[in-house]
Amino acid sequence: MSAIRRLLVANRGEIAVRVMRACRELGIAPIAVHSSIDRGALHVREADEAIEIGGPAPAESYLRVDAILDAAARTRADAIHPGYGFLSENAAFAAACRDAGVIFVGPPPEAIAAMGSKLGARERMQAAGVPVVPGATPSDQTDAGVRAAALALGLPVVVKASAGGGGKGMRVVTEVATLDESIAAARREATRAFGDGTLYVERRIERPRHVEIQVFADAHGNCVHLFERECSIQRRHQKIVEETPSPALTPAVRARMGEAAVAAARAAGYVNAGTIEFLLEGSGDDARFYFLEMNTRLQVEHAITEAVTGVDLVHAQLAIAGGAPLPWTQDALVPRGHAIEVRLCAEDPEQGFLPQAGRLLACRFPHAPGLRVDAGVERGDAIPVQYDSLVAKIVGHAATRDAAIARLEAALRRTLVFGVRTNATLLARILAHPRFRAGDVDTGFVADEHEALIGTGTASTAALAAAAWLRTSPGQRPGHAPGECAGRIGDEAEAAITTNPWATLRGWRG
């Protein structure tokens, strides 16, 4: 039995709903916090109790340590799960939880702080024998000092923010003529995003793969890895398709990478779930990998690891936070089959992946063996502009990679989201692309294949939904009738698309 009885989830959306599901399975009472515009959100409806903690902007609510701890005290929560994003990798928040006598479901604040600085993490990894990308951290942090370090390393280089993440405060420099402006731009962005303009430079690795290793450690000295996830398909340095196992890793490289990840976690004094991210260069047994960063939290893509290992990572997080030892040994973890996840996001790929906001007039996800959908919304819910654009994660698991791809393609065809534009068509095109089918991808894949992936002309789920809406009489459209208008439109859209989608589309075009 877990030592945790009442868990406050300091997050929203899909991850909050997923953690609450684990609570139900373990007999733990889930508690939600929410902003003023999230009063009717799905994670609030799923909770036993809910506390409003501030206004719509994250700084007014989900990033307020004082309000979250006050909510924990008011609801008698004995633990807080931070999810991912918001305060999940905030060492001060973890320390504040500890000071307040509330269990933080994650690593110790000292481990978060140690791995939160990219410069400090590089030094720690080097000392532990974990390979890092060749680079330099200039003691002279003026623009001239960073320039000199970059030239000494040799172009091409990547200028990076020490406190950065998600591509912020990062610039690729291939020519001396653009070096000065790149340094200045990276520093401005880093200062604005993180309040820290410290920069360092690394050798630019051409066409790398992004491969990460899931690690888990307890407070009793045990540490294991749960194999890798291939995360090379990204837009704006953010992942949109992940899979395990990676098509690129040989058994020998997989073993070396897993050992390096465990060494990294031990060097950080780590406890609970974490991820060691690597860049992979080359192929075969001679492939080289380099430490990129550590995410001191549960990852968005943890579901594919759960699919192939048959374990529940959130269950394990809660048990370890309650003082239990790891529930598995390394030898007991045996991957089975292949799993792929796509991130369905409210965004417009044709407009530079511009985030979308609005109310979901229709929302339907497929259910079938080998499929898992983690969603944070249902029909009638809103996608607010203030938060992340993730609508749902769709996971296909099968005995082989080809079968997993086929399962996901079928799932995307049966996914309906009407009310906001999504990247569903892009995801389907990625799965169908010959390079993806061959496992021949790297972090530049989406940019390289932009025309094939993002060009117009293919009917999408969104287009079919729009067709159904346009065939609805004007008096039943949003803005023309109150009350049950959205529900009626959602019903009609789903019925039209399910019964005869192509006729519906022809009617829209005609």
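Strand S1 (residues 6–9) and strand S4 (residues 79–81) pair in the parallel sense over three bridges; strands here are DSSP runs of E with at least two residues, helices are runs of H or I with at least four residues, and both are numbered from the N terminus. Two strands count as paired if DSSP finds at least two bridges between them. Within this pair, Val 9 stands opposite His 81 in S4. The model is a predicted one, in which local features need pLDDT of at least 70 and side-chain atom pairs count only at pLDDT 80 or more, while totals for chains, interfaces and linings use all residues. Residues are numbered from 1 along each chain as its sequence is written, and side-chain values use heavy atoms, with hydrogens and water left out.

The S1–S4 pair belongs to an open sheet of five strands, arranged S3-S2-S1-S4-S5 with parallel pairing. At its edges are strand S3 (49–54) and strand S5 (103–104), each of which pairs on one side only. Helix H3 (residues 65–74) lies across S1, strand S2 (29–35), S3 and S4, and runs at about 155° to S3. For such angles, axes are lines fitted to C-alpha atoms, for helices over the stretch in contact (heavy atoms within 4.5 Å), and the values run from 0 to 180 degrees between N-to-C directions.

Most residues other than glycine have a negative phi, and most peptide bonds are trans. Arg 76, in the loop between H3 and S4, has a positive phi of about 60° although it is not a glycine. With 57% relative accessibility, Arg 76 counts as exposed, the classes being buried under 20% relative accessible area, exposed over 50% and partly exposed in between (1.4 Å probe, protein chains only). Asn 272, placed in strand S13 (residues 272–281), also has a positive phi, near 85°. Asn 272 is buried, because its relative accessibility is 0%.

Two cis peptide bonds can be described as well. One joins Leu 155 and Pro 156, with omega about 5°; Pro 156 lies in the loop between helix H7 (143–153) and strand S7 (157–161). Another runs from Thr 244 to Pro 245, with omega near 0°, and Pro 245 is found in the loop between strand S12 (238–244) and helix H9 (251–267).

Turning to the chain as a whole, there are 19 helices and 23 strands. Of its 510 residues, 55% count as buried. Among contacts between residues at least 6 apart in sequence, 66% join residues at least 24 apart.
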